[in-house]
Amino acid sequence: MTETMTGAEIVIRALADQGVAHIFGYPGGAVLPIYDALFQQNAIEHVLVRHEQGATHMAEGYARSTNKPGVVLVTSGPGATNAVTGLTDALMDSIPMVCITGQVPTHLIGSDAFQECDTVGITRPCTKHNYLVKDVNDLAQILHEAFFVATNGRPGPVVVDIPKDVQFATGRYVGPENVVHKSYHPKLKGDVDKIKAAVELLAGAKKPIFYTGGGVINSGPEATRLLREFAEVTGVPVTSTLMGLGCYPASGPQWLGMLGMHGTYEANNAMHDCDVMVCIGARFDDRITGRLDAFSPGSRKIHIDIDPSQINKNVKVEIGVIGDVANVLGDMLRVWRASGATLDASAMKEWWAEIDGWRARDCLFFRQSGETIKPQQAVKRLYELTKGPNTYITTEVGQHQMWAAQYYRFDEPNRWMTSGGLGTMGYGMPAAIGVQKAHPDALVIDIAGEASIQMCIQELSTAVQYNLPVKIFILNNEYMGMVRQWQQLLHGSRYSHSYSEALPDFVKLAEAYGASGLRCEKAGDLDATIRAMLDTPGPVVVDCIVDKTENVFPMIPSGRAHNEMLLGEAGEQRIDEAITDEGKMLV
Amino acid sequence: MRQPTGSAYFMDDQHPPLARHTLAILVDNEPGVLARVIGLFSGRGYNIDSLTVSEVSLETHLSRITIVTTGPAGVVDQIKTQLDRLVPVHSVVDLTLTGKSLERELMLIKVRGKGDQRAEALRLAEAFRARVIDATIESFIFEITGKPDKLDQFIVLMAPLGLVEVSRTGVAAIARGPEGMTG
């Protein structure tokens, strides 16, 4: 028996049947029928945001910390266009999200009606897929399809644009069990031949490395478990991209730290010198490879990815295995054990000796002296005082993000939420709110910069409204720090518009919102301030005043290779001479 | 300043050989599907030399898009996988790589002239097996089908004889042999 109900009721019912417990949204004219249906039920809890961009980042944080899709509900026109940044962010970082947008009534589409925009046109390149629903009888099917597309294969954002008349109209509801997708069938199992070839190539390696990324975390807890098992069985060193942090424990013996532009000396040198590279759920991004023609020149490469278009995109690989990480790693482990493969023990001993030599450079060394707080010290103390399986860290984008990635250490997946691909300032606080909604009892900290935090500061109001006790730890250097660093290194220290004049008093600002504010200006006060932050109930903003001109090191300068890193305190190069004119042209 | 080589941002500095490829794409005939395909080409900087699209199955509402593109082998491979991951795309075949495919294009071409020029245009049209589908005292419209280079050649010949305008459909292509392209 098919049930009939209004389009708005179909939306709520479909969300409930998809297991959605929380949605993040903002009402407006073109979604009022859905908000009305929302009012008359208790299955789904709605979080009212202050700006639609905030809703998308909350959904991202929610999704990243739970491996469930994040759901957003916004109105037409500006509601949809404000969501575009978060949609693009989710597309770049492969975050499953379903965004429902209201649209003007069908008969007004194309007439430049009030709050009309071409939502499917605007969001086509920044979503995995999108739909404009023209018939209420298609609505349920489309919504279930949207969840299928968002969460299967390489995850991503999906927009469902629903005109207001469709929300009012009455139509048939079908449940999620009856939905099969016509054309979208991502391949989950890796080819057996490719897996056997990959195992054979790895078994012959003398200097192997696992280069892991966000795909391991997207694949789920089983993928993380298998990666750790595979690493232990083989003894291969492991590095991760920014998005992959936590898939291998930072406390694990084979951990090399993050790789890439601000990765560790040992990770990048191991990438450069390895002879077999196994890329697992990562995509050879330019922040990872540096100079492409000098990227790991002596290695043969295996690439495991669920998205076939990533294989051979930036870097040619010998073996591309298309499939879900957990599936492929499970098969590789089975083949590895069945074939009795082992790595050459003496070669591995030499390889690890070489890696230990790089480790001995202590590339993350910094000197905390005097009362001026080094930002690295702030993150380090924050880590020591807050670490644990129930702690979740989000960040904004910039220097503080890199210091967080370098000095906060993650032993578990899904504990680290950051905007990697798009690099969206303003991501961190709303993401933290989303995480806190999913994990009410967890400690959720947004490590922020004073510039980034102002891009979505209004969401502090959301945190206060729902009493979500997120902690916002601002590393305040009064500069757009990463911009300032690049201007120092690449543009002759001409600090064009990177100084944040007229900063607000963040303590008073927090109080104005009804949150608590703390300030820390001396290194000696760091621990006490962090403890006070933890002891203060509700949302807390910490304004931590740090060294204004500290730079992020190590750094692979633009246009350089992995083995041409700049090391700050740990190195002795002249920084101002390190970047060639050619390198200055790159972003 | 010389552009640096080997960076992800300046991959064009290498000059791998370019090749022309014909791709056949089966898609759901739904609103926006063509915009998705074209947007992928413009968004990622790929070339479209020719594009043809029409529904090919009334029951299943499948459309077939034929795109002729030019690029290095790696880029064409990227185009294929990027197309394949679009949700409404059922399958993509590189007819140039699978070999032995047939390509045809239809062209309507208007030529204006009098006297000898007019007679010459008609004679050449016969040689190219072009049909006259409209005629006035001072003009012809020819309909001609064939491989794209045959049509190119016909245009070259008509140019001095009073070529007015050209309308081409773009390439339709299909693989030889008994096997079909499956959705």
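UniProt positions are given here in the numbering used for this model, feature names are shortened, and annotations may be inferred rather than shown by experiment. With that in mind, select residues 22–100 of chain B: UniProt places the feature "domain: ACT" there, from an unreviewed entry.

Two notes before moving on. Residues count from 1 along each chain as its sequence is written, and chains are lettered from A and ligands numbered from 1 in the order in which they are written. This is a predicted model, where local features need pLDDT of at least 70, side-chain atom pairs count only at pLDDT 80 or more, and totals for chains, interfaces and linings use all residues.

**Stop 1: chain B, the ACT stretch and beyond**

Stay on residues 22–100 of chain B. The stretch is 34% helix and 39% strand. Its end C-alpha atoms are 12 Å apart. Helices (H or I, at least four residues) and strands (E, at least two) are DSSP runs, numbered from the N terminus.

Now select the whole of chain B. From the N terminus on, they run β-α-β-β-α-β-α-β-α-β-β-α-β-β. The radius of gyration of chain B is 20 Å, well over the 16 Å that the globule rule gives for 183 residues, so the chain is more spread out than a compact globule. That radius is taken over C-alpha atoms, and the rule is 2.2 Å times the number of residues to the power 0.38. Along its principal axes, the C-alpha trace of chain B spans about 60 × 55 × 30 Å.

Colour chain B by burial. A residue is buried if 20 or more other C-beta atoms lie within 10 Å of its own, exposed if 12 or fewer, and partly exposed in between, with C-beta atoms placed from the backbone. Buried residues make up 24% of the 183 in chain B.

**Stop 2**

How many residues of domain 1 of chain B are in contact with domain 2 of chain B? Eight, and they meet six residues of domain 2 of chain B. Contact means that the C-beta atoms of two residues, placed from the backbone, lie within 7 Å. On the domain 1 side, strands S1 (19–28), S2 (50–57) and S3 (62–71) of chain B each supply at least two residues. S2(B) gives the largest share, three residues. By class, this side has four nonpolar, four polar and no charged residues. Here Ala, Val, Leu, Ile, Met, Phe, Trp, Tyr, Cys and Pro count as nonpolar, Asp, Glu, Lys and Arg as charged, and the others, Gly among them, as polar.

**Stop 3: the cores**

Select Val72(A), Val160(A) and Ile25(B). They have the most contacts inside the largest nonpolar core, which has 202 residues. Such a core is a set of buried Ala, Val, Leu, Ile, Met, Phe, Trp, Tyr and Cys residues joined through C-beta atoms within 7 Å. Helix H6 (residues 136–151) of chain A gives the most to this core, with nine residues.

Zoom in on Val160(A). Leaving out residues up to four places away in sequence, Val160(A) touches Val98(A), Ile100(A), Tyr131(A), Val133(A), Ile142(A), Leu143(A) and Ala146(A). A second, separate core has eleven residues, including Ala121(B), Phe140(B), Leu151(B) and Phe154(B).

**Stop 4: chain A by domain**

Chain A is assigned domain 1 (3–178), domain 2 (192–359) and domain 3 (375–545). Between the centres of domain 1 and domain 2 of chain A, taken over C-alpha atoms, there are 37 Å. Their contact takes six residues from each of these two domains. The domain 1 side has one nonpolar, three polar and two charged residues.

Next, select residues 397–544 of chain A. The UniProt annotation, from an unreviewed entry, reads "domain: Thiamine pyrophosphate enzyme TPP-binding". This stretch is 36% helix and 17% strand, with its end C-alpha atoms 17 Å apart.

**Stop 5**

Select Arg64(A), in helix H3 (residues 52–66) of chain A. Buried or exposed? Arg64(A) counts as buried, because it has 31 C-beta neighbours inside 10 Å. Beyond its neighbours within four places in sequence, Arg64(A) is in contact with Ile95(A), Asn414(A) and Met417(A).

Finish at Ala353(A), in helix H14 (residues 345–359) of chain A. With 9 C-beta neighbours inside 10 Å, Ala353(A) counts as exposed.

Technical notes. Domain bounds come from an automatic or database domain assignment.
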